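Please read it alongside the sequence and structure shown below.

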Amino acid sequence: MTANTNPSPATTVSTDFLNHVNALAGEDLVRCFSCARCTNSCPMAAEMDVPPHAIIRLVILDDRSRVFAARSAWLCAACQTCASRCPNGINMSSVFDALKELAISYQNQTNPERKFHEQFVRQIRLFGRQYELGVTLGMGLSWRTLKRDFPLGITLLRRRRLPLLPGISSSTGRKMVRHLLAQRSPSR
Ligand code: SF4
Ligand code: SF4
């Protein structure tokens, strides 16, 4: 029996996803050589399930399901430490922003971090500023969680740290905020 010496056919990876992320983020991820300096300097890396440098590999490999299943993008604090440490000047904060936008079209991929982000932006769009109680209610928390956090909520209310009603920005302020949000996500 003769061994098969034919080389296995090369696997072609589509670059559509990579190009889309690059265009939205204003970066060129192909320049990344996986040195992991971004991950080693990231204050949120310990909380992320997929570290920043590995996210780039997954984007390059067109592994969208793993990219969108990861919590990492929603946990990025946009501190830009990674950008200042990267030898190629890649700003992971912009990459994560792009991935958050793209994740919206993956309706089947959801997690609490994404839900929180959506509620946070929704309140800002509505009132021109943050409304914590609106975010809490919008999260659709379970009865058990609400019961657990109820004493903390009462304490915050008493100390006036959790307003019952939303503070509403001026109409000009709200228009400006909506304009900024529309510029970032024209489809939403
Ligand atoms: S520091 Fe820059 S080059 Fe290194 S892994 Fe991170 S993004 Fe890639
Ligand atoms: S911008 Fe995001 S990814 Fe970069 S170091 Fe800060 S938290 Fe980490």
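Two residues are in contact if their C-beta atoms, placed from the backbone, lie within 7 Å. The model is predicted. On that definition, helix 1 and helix 7 meet through His-20, Val-21, Leu-24 and Ala-25 on the helix 1 side, and through Ser-94, Val-95, Asp-97, Ala-98, Leu-99, Glu-101 and Leu-102 on the helix 7 side.

**Helix 1 and helix 7**

- The contact between these two helices is made of seven nonpolar, two polar and two charged residues.
- Two packed helices are described by the angle between their axes and the distance between the axes.
- For helix 1 and helix 7, the axes cross at roughly 115° and come within 8 Å.
- The crossing of helix 1 past helix 7 is right-handed.

**Nonpolar core**

- The largest nonpolar core holds 21 residues; those touching the most other members are Val-21, Val-67, Ala-73, Met-92, Val-95, Phe-96 and Leu-99.
- Helix 1 (16-25), helix 3, helix 4 (64-69) and helix 7 are the elements that each give two or more residues to this core.
- The most comes from helix 7, which gives six residues.
- Ala-73, one of the core residues named above, is in contact with Phe-96, Leu-99, Lys-100 and Ala-103, when its neighbours within four places in sequence are left aside.

- Ligand 1 has 13 residues around it, and Cys-32, Cys-35, Cys-38, His-53 and Cys-86 come nearest.
- Two or more residues of this shell are given by each of helix 2 (37-41) and helix 3 (52-60).
- The shell around ligand 1 consists of nine nonpolar, three polar and one charged residues.

**Surroundings of ligand 2**

- Ligand 2 is surrounded by 13 residues, of which Cys-42, Cys-76, Cys-79, Cys-82 and Ser-93 are the closest.
- Helix 6 (81-85) and helix 7 (92-103) are the elements giving two or more residues to this shell.
- In the shell around ligand 2, ten residues are nonpolar, three are polar and none is charged.

**Pro-87**

- Pro-87 sits in the loop between helix 6 and helix 7.
- Pro-87 counts as exposed because it has 11 C-beta neighbours inside 10 Å, and a residue is exposed at 12 or fewer.
- Leaving aside neighbours within four places in sequence, Pro-87 is in contact with Cys-35 and Arg-37.
- Pro-87 and Arg-37 lie 50 residues apart in sequence, with a C-alpha to C-alpha separation of 8.3 Å.
- Cys-35, the other contact of Pro-87, is among the residues that come nearest to ligand 1.

Technical notes:
Residues are numbered from 1 along each chain as its sequence is written. Chains are lettered from A and ligands numbered from 1 in the order in which they are written. This is a predicted model: local features need pLDDT of at least 70, side-chain atom pairs count only at pLDDT 80 or more; totals for chains, interfaces and linings use all residues. A residue is near a molecule or strand if its C-beta atom, placed from the backbone, lies within 6 Å of it. Helices (H or I, at least four residues) and strands (E, at least two) are DSSP runs, numbered from the N terminus. Ala, Val, Leu, Ile, Met, Phe, Trp, Tyr, Cys and Pro count as nonpolar, Asp, Glu, Lys and Arg as charged, and the others, Gly among them, as polar. A nonpolar core is a set of buried Ala, Val, Leu, Ile, Met, Phe, Trp, Tyr and Cys residues joined through C-beta atoms within 7 Å. A residue is buried if 20 or more other C-beta atoms lie within 10 Å of its own, exposed if 12 or fewer, and partly exposed in between; C-beta atoms are placed from the backbone. Axes are lines fitted to C-alpha atoms, for helices over the stretch in contact, and angles run from 0 to 180 degrees between N-to-C directions. A crossing is left-handed if the near helix is turned anticlockwise from the far one by less than a right angle, and right-handed if clockwise.
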